Amino acid sequence: MATHSLEVSRPAPLVRAGVRAGADEWIQRVAIGALLVAFTLGLVVPLGLLVLKSFRDASGAFVGVANYARYFSTPALAAAIEHSVVVAGSATLITIALAFVYAYGLERTSMPFKPLFRVAALAPALAPSLLPGISFVYLFGRQGLLREWMGDASIYGPIGIVAGLSFYAFPAAVMVLVTALSTADQRLYEAAESLGAGRLRTFWTVTLPGVRYGLVSAALVLFTLTITDFGVAKVIGGSYAVLATDIYKQVVGQQDFQMGAVVSVVLLVPAVLAFVIDRLMQRRQAALMSARSVPFAPRPDRVRDAVFGLACLARAVAVVAVLAVSGFASLVRMWPYDLSLVLDNYRFDLVDGGGWSAYRSSLVLAGSTAVIGTAVIFAGAYLVEKARGLAGPRALLQLLAVLPLAVPGVVLGLAYIFFFNSAANPLHGLYRTMPLLVACTIVHFYSVGHMTAITALKQLDPEVEAVSASLQVPFYRTLARVTVPLTLPALLDVAMMLFANAMTTVSALVFLYGPDTQLASVAVLNMDDAGDTAPAAAMAMVIVLTSAAVRVIHGVVALDGAARSSLEGPMNGTLAPDSTSPAGARPACDPWLLTPGPLTTSTSVKAAMLHDWGSRDDSFIAMTARVRARIAGLAHAATTHECVPLQGSGTFAVEATLGTLVPRDGQTLVLVNGAYGRRMVEILERIGRRVVVRGWEEHERVDPWVVDDLLVADPSIRHVAVVHCETTTGILNPLAEIAEVVARRGRRLLIDAMSAFGAIAVDARTTPFEALMASSNKCLEGVPGIGFAIVERGALATSKGNAHSVALDLHEQWKGLEANGQWRFTPPTHVLAALDRAIEEHAQEGGVVGRGARYRDNCARLVGGMRAMGFRTLLPDEWQAPIIVTFHRPTDPRFDFEVFYAALRSRGFVIYPGKLTRAETFRIGCIGRIGAAEIEGALAAVRDVVRELGFDPAAS
């Protein structure tokens, strides 16, 4: 085989690098300046004019606090403050209680149907805030279905407002509390149990303290949402005035802009206070999960799971009912007298309020906001997080980016009137136009998108930018080829959030639309004002269905990207200045490794190795503990086993495990149907352990019944060793059945899971094993250099003195890690950093389930495509693991494997020769950072080589 060399180019002169860095910095300065100007014009100046307006009279003369004195001396106006605090406080308390029970059920129980409950919890976010008010009118209004439930009370007023706000704000509370409850240390609960604490005491002393900051944050978010909401109170508030509707009445009803400004400032105060308190609480919050923490895994409990399941079901049914009643009302002829189904209420052009043109305008607004807003938000987040230097402007940009979170929509909308409706403003021409509506919506919802993008960017190693700079690659090329692809899932989330909010928002835009820019959400308000409640419900349902459809499309795109090449990260060699290869084509530098390992890895995994780590640094010790905990968690073994990492390849871990756990006088049954089973036999013989070997042909699975007979016949067998997926052929052995037999016969199981761990589930709770061995590459998609064993704690504790080697002593390695978190000998620091990043990407893909799904898709595509060309697989499909596939070599004399291999290598794909003793084969892997595009590219390359060499793949 030809030897391939890598030519290293001479470094460019330093002056060129300086020129490149200078050009990048100037581009970034201009971009930051443009964003600061945009924030100034879109947020700072309008809010400043709003505040100034509150100190002036109708003629523009400064009157000091006279407007405020008039406001607070008017009982009806001043009462709105009390009303707002009462309904917002009541809605916050009720929603917090309901959301906490719901989130607890999702995160801390094993109740069934969790995915459905999650969808139900977020459903209200698809609807404009006016919809719950309309639904409650249909349910509890004067002609409501459940009017008798109200007794002498009325839904029109504080009761209806609180009920509507509780529905509207529920998704936000659930999301915050789910996040708070998702982080918990299993060890705290184990300690409480061992100390005899009951469930209630554990809840008060462990659970609640652990989520207190989440509860406070959720309460502040809810209070801000409910005190500033406009839609619910407008529809169902009746004569019960609140601040948000007072602004609308002062501006639209009475054209009193000065008093509208005063009310806006009053409303701005509690929103800003809640925002500031939330920020201060976040700074005080201590980390709840240390590097040595064990992730909490709820254990099934029939009573608890049933109770929370019923509670969540009741809430989910209530959510669906609120949406369904508006949907039903929109389809009947005349509520409640004629309930025959018609579509008359969807003939929007026959009623006042906006018609179908308003819906089309909303689609334009939502689409433009999603596209433009995502681009602007990502640019701002990138400049804050990744720009070089410019600390002061970046800090100012960060401050302005989070400021909209504290500005209510009605306040922002009124501020835009004062700024853009001024004839003296050169931007006056934007007033009542679609570009202004888009700009206002982006500013209104900027903060959440910005924080999402910042979070995604923080997960990328900063050395990526450093490497691109050292290679004289412009930052924008790295941005386009590395940063954007890696953060694409987060960007899709931002776009989805902006689209849904643009479709449903009312408060900010109710002051800004014009005759040609009426919106669907505002049309709901106008129709309801005109007494056309059924058409209003119909338009609201159109908004819900549109938002739901776009969310489904977003979910499909996200899942498709996770299973395919969008999760593969940028191509290898992306940082090279001449790298232009698309997904599936030959990469610019490295080939695609279609092997069982080493594998193709993502750019971010490689970039993680650009740091230097001190082996005794706290950060490296924390990384070691984090990796150990997460690996054990992948096997659901965090509470029963320990992950012990070891320098070296997977075979090092296998030998260390066998040498440490098998006593010097112990006897081990090794189940062999391939080269890696034979390797375990060789290791045991070399270290002087007694071995019983039971072999099968390489194309046959291990038979559990035979294992059972052997264990019954030979009581001296203490351990049984088996390879989960034998990459000699790609055969998947029946691990669960073997484990059941071994456990039933009282023996101990050792699993070589090298090629399967991370993609094929192994659950220590249902598949008992003493030890499982794997490595940093393979299905975890790290780089080679670390082997590890997940070993039962009791077995580790009693294995002292067994090991035949100083370096390969798992017991001593474990004791050292437990004592101070440090490796006994010089650790593979860079490999561990890459593994830490790889495990994070594994989790982002959906863990074992998500990664296994991609590999199965790869395998199915590969097998189907190769068979279509005539190649024959060695194994039947039911025995084939989605790891590596063995194909018979064609017997056509024109086929030469070395030539075939070299031809594929020249096209950017590396495969493996066969490893069988009795058949001529070759192997193609399905694992690593590859997806459908790369498999299809490999198949295209094989077809090309078949044509070039002229052999018959079906010849046998």
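Helices (H or I, at least four residues) and strands (E, at least two) are DSSP runs, numbered from the N terminus. Helix α23 (residues 618–634) contains G633.

## Model and confidence

This is a predicted model, in which local features need pLDDT of at least 70 and side-chain atom pairs count only at pLDDT 80 or more, while totals for chains, interfaces and linings use all residues. Residues are numbered from 1 along each chain as its sequence is written, and side-chain values use heavy atoms, with hydrogens and water left out.

The pLDDT is the predictor's confidence in each residue, from 0 to 100. Its mean over the protein chain is 84, and 89% of the residues reach 70 or more. Confidence is lowest in helix α18 (residues 463–470), with a mean of 56, and highest in strand β10 (residues 748–752), at 97. The pLDDT is below 50 over residues 1–20, a stretch with 10 contacts beyond near neighbours in sequence; a contact means heavy atoms within 4.5 Å.

## Nonpolar cores

A nonpolar core is a set of buried Ala, Val, Leu, Ile, Met, Phe, Trp, Tyr and Cys residues joined through side-chain atoms within 4.5 Å. Buried means under 20% relative accessible area, exposed over 50%, and partly exposed in between (1.4 Å probe, protein chains only). In soluble globular proteins, nonpolar side chains tend to be buried together.

The largest core has 135 residues, and Y71, I247, V411, F511 and L512 have the most contacts inside it. Helix α13 (residues 355–386) gives the most to this core, with 11 residues. Leaving aside residues up to four places away in sequence, I247 touches residues including L267, V411 and F511. A second, separate core has 48 residues, among them A637, F757, V762 and W823.

## Salt bridges

A salt bridge is a side-chain nitrogen of Lys or Arg within 4 Å of a carboxyl oxygen of Asp or Glu. The whole structure has 34 of them. One joins R793 and E642 (2.8 Å, N to O). This pair links distant parts of the chain, with R793 in helix α28 (residues 793–797) and E642 in strand β4 (residues 641–647), 151 residues apart. R793 is partly exposed, at 29% relative accessible area, whereas E642 is buried, at 13%.

Another salt bridge joins R929 and E845, with the closest N and O atoms 3.8 Å apart. R929 is buried at 5% relative accessibility, and E845 is buried at 6%. Both belong to a network of salt bridges that also includes E781 and R837.
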